[in-house]
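Here are my comments on the structure. Please read them with the coordinates open.

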Amino acid sequence: MPPSRKVSQSLGCDEYLGSGKVVDKCGVCGGDNTTCRLVSGMFKHSVSKIGYHKIVEIPEGATKINVTEMVKSRNYLALRSRSGRSIINGNWAIDRPGNYEGGGTMFTYRRPNEISSTAGESFLAEGPTNEILEVYMIFQQPNPGIHYEYVLPSKNTVKPQQTTHTDEGGGRHQSHLPDNQVPAVVPPKHDREYNWKLTGTTECSASCGKGFRYSVFHCVHRLNNVEVSNALCESSSHPAPQEEACNLQPCPAFWDIGEWSECSKTCGLGMQHRQVPCRQVYANRTLNVHMSRCRHLEQPETASTCQLKICSEWQIRSEWTSCSVPCGLGQRSREVHCVSNVGDFVPDQECNMNLRPTNIENCDMGACAKSWFYTEWGNRCSAECGMGVQTRGVLCLTNHISSLPLEGCGSERPADSQVCNNGPCDNRTEWFTGPWSQVQRRQKALAGTF
């Protein structure tokens, strides 16, 4: 019959079948959780300097350790011993999620899926620790808050004596009961009709790198050794399982491929990197080993190009406007916009400011007028016959836009009048009136009073 892992009753923490005793949160078999105290807190400090920032120290003897980032972020948790030995995410290298040994216990490092989950990082350990451990945050963006807790033995309490095991040879372990534990009375062997018999072992817990297998006992008839229901045997007389190491040959080394870092650029062609250490499994622990042990395997790439999206670009959306002045120095402008790869206007910061086309420039419309201007001569002469005068308009136009001082149009002003002659005045008679005399003016004035 093939080996079976099933036993008739569960084994209590006191190693007695069917006792029902379990280990409380303080690690006491059958305890009531009164011999320890819970320590917890929240790290909410705001930091601005990129790098490692200490969160809390976990003292020696701590159990039920839980450090959890409240919300997913670009920050990372890190753990090291007080002596400086890195356990998780040390020396600026980001480890893959998994199990890591440190401080006398095994830590489970978790980093939820970066796309489908909003949960933050965490690491947990059962403990107890055998040295002081330091928890850090690798700061890269505002801290969303980090919760930590662990359990410590209470002060002024006597820790109950724990069940111990001593190696009696051949891999067999015998239990030493606490002083207050009375062993079950085992009936004499000749009084029992059924006995426990070793029928095989369990499968090895590991295919390589050291695993363990355990003895399997079945209940049999004392006279003919025929297997019967395990319920017919006394559970208190069930032999303690024997542990035996197996498959001790080393597991083959392998490249442990880490997660890609964020792309070095938010748009366009960038670079991303990942850790690819050589690792090897031994006794259910995954250890870093020298890269030479993986030389028979092709090493995965540690750097790669990446592109999150196509970068926005500058576009000229209009021709130059007319110069702002009709003459002299002025300015002209045109529309320049940062445009996304789907044609939308986006803030200028999304485009390369060093490549921005100019949208305002000076323009020179040439020198403004700065000379005498005049009209044609008038058609009429001031005298209908003989010598008269003919006129025209004369104007000095200067550059009223330039900031240079006005200098006028010079001293040689063109003539605005000239002599004209409509011919001789012969054989022409006409009346000419002269001024009134003094007497005539007085008579004319008196006549006006009546």
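1. Start with the second largest pocket. By class, its lining comprises nine nonpolar, eight polar and eleven charged residues. Bear in mind that this is a predicted model.

2. The space in the second largest pocket comes to about 650 Å³. The pocket is lined by 28 residues. Closest to its centre are Tyr 76, Ile 94, Gln 140, Ser 261 and Glu 262.

3. Four strands make up an open sheet, and their order is 2-9-4-5. The pairing is antiparallel. Which strands sit at the edges? They are strand 2 (51–58) and strand 5 (86–88), and each of them pairs on one side only. On average, neighbouring strands of this sheet are turned by 30 degrees against each other, direction ignored.

4. Look at how strand 2 meets strand 9. Strand 9 covers residues 133–139 and runs antiparallel to strand 2. Seven bridges join the two. Gly 51 stands opposite Phe 139 of strand 9.

5. Next, confidence. The chain has a mean pLDDT of 79. A pLDDT of 70 or more is reached by 79% of its residues. Where in the chain is confidence lowest, and where is it highest? Strand 11 (residues 164–167) is lowest, with a mean of 35. Strand 8 (residues 122–125) is highest, at 95.

6. Two stretches call for a separate comment. Over residues 156–191 the pLDDT is below 50, and the model gives this stretch 41 contacts beyond near neighbours in sequence. Residues 1–8 also stay under 50. For residues 1–8 the model has eleven contacts beyond four places in sequence.

Methods. Residues numbered from 1 in each chain as written. Predicted model: local features only at pLDDT ≥ 70, side-chain atom pairs only at ≥ 80, totals over all residues. Heavy atoms only, no water. 1 Å grid on protein atoms, 1.4 Å probe; cavity = no way out; pocket = protein on both sides within 12 Å on 5 of 7 lines; lining within 4 Å. Points joined across faces, edges and corners; volume = space filled by probe spheres on them. Nonpolar A, V, L, I, M, F, W, Y, C, P; charged D, E, K, R; others polar. Pairing = 2+ DSSP bridges. Axes fitted to C-alpha atoms, helices over the stretch in contact; angles between N-to-C directions. pLDDT = per-residue confidence, 0-100. Contact = heavy atoms within 4.5 Å.
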